[in-house]
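Hi,

Here is the structure I promised to pass on to you.

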Amino acid sequence: DGTESGVYDLVGNVWEWQTLMKLVDGKVMMPADNAIDLAESAWPDTGARYDSTVGTADGTGNGTGSGDIGDPVISDTITKYTGIPGSDTYDREAIIGGEAGFRSMTKKAGYNVPVSLVLAGLAPVTHLNGTYETDSMLKGAIWTRNYGVRLPLCGAAWYNATSCGLGALALATLRSHTGTTVGFRPAFLLA
């Protein structure tokens, strides 16, 4: 909260790996609750998808190399892939940058975003019915690749100065990603 006795270094130092969620070709796969002992292969498809405002129906024709190819859209279908489904490349991604990125993410018209996505920090609370003051405070950009298997990172690293925050969400990273700007918060679990 910016005070000497407040929370410090919660975000903006390193990206933090998250657990119990993955994207498989844009499909959100995660347990219905905090079932830490549920095998990853058993994580159900939530029915939610990350579509893009730009791309192609089969992921071809988007060009190669890194770069922005539209904005992520929460939906129940994918109409535009930012890359070829099943591919583990680091080509195009859908991005909404800056501190308002995550909370600016749109949803498909008429789609009812599941509460579980909001509670998991995968969709802004404004996608639920009603007005919520807390969303105006949630800062951070969002990056998605709706092709291949991607695992979530949150918070952002020091070099993402204008895009870091509690809402910063990277759904663009492969399981094999390593680097000095990636960390995690260990948890002790009682059996």
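Predicted model: local features only at pLDDT ≥ 70, side-chain atom pairs only at ≥ 80, totals over all residues.

The largest pocket has a volume of about 1000 Å³. Its lining is made up of 40 residues, and Gln18, Thr19, Leu119, Ala120 and Cys154 are the ones nearest the centre of the pocket. By residue type, the lining splits into 27 nonpolar, nine polar and four charged. If you want to find the pocket by its elements, look for β1 (15–17), α1 (115–119) and β10 (149–154), each of which supplies at least two lining residues. Of the elements, α1 gives the most, with three residues.

Now to the strand. Five of the five residues of β7 (residues 92–96) are buried, so this strand is largely enclosed by the rest of the structure. In a regular strand, side chains alternate between the two faces of the sheet. Here both faces of β7 are covered: Arg92, Ala94 and Ile96 are buried on one side, and Glu93 and Ile95 are buried on the other.

β7 also has strand partners to look at. Strand β5 (residues 67–68) runs parallel to β7 and is joined to it by two bridges, with Asp68 standing opposite Glu93 of β7. Strand β9 (residues 142–144) pairs with β7 in the antiparallel sense, over three bridges. In that pairing, Ile142 of β9 is the bridge partner of Ile96.

Conventions
Residues numbered from 1 in each chain as written. Heavy atoms only, no water. 1 Å grid on protein atoms, 1.4 Å probe; cavity = no way out; pocket = protein on both sides within 12 Å on 5 of 7 lines; lining within 4 Å. Points joined across faces, edges and corners; volume = space filled by probe spheres on them. Helix = DSSP H or I, 4+ residues; strand = E, 2+ residues; numbered from the N terminus. Nonpolar A, V, L, I, M, F, W, Y, C, P; charged D, E, K, R; others polar. Buried < 20%, exposed > 50% of the residue type's maximum accessible area, 1.4 Å probe, protein only. Pairing = 2+ DSSP bridges.
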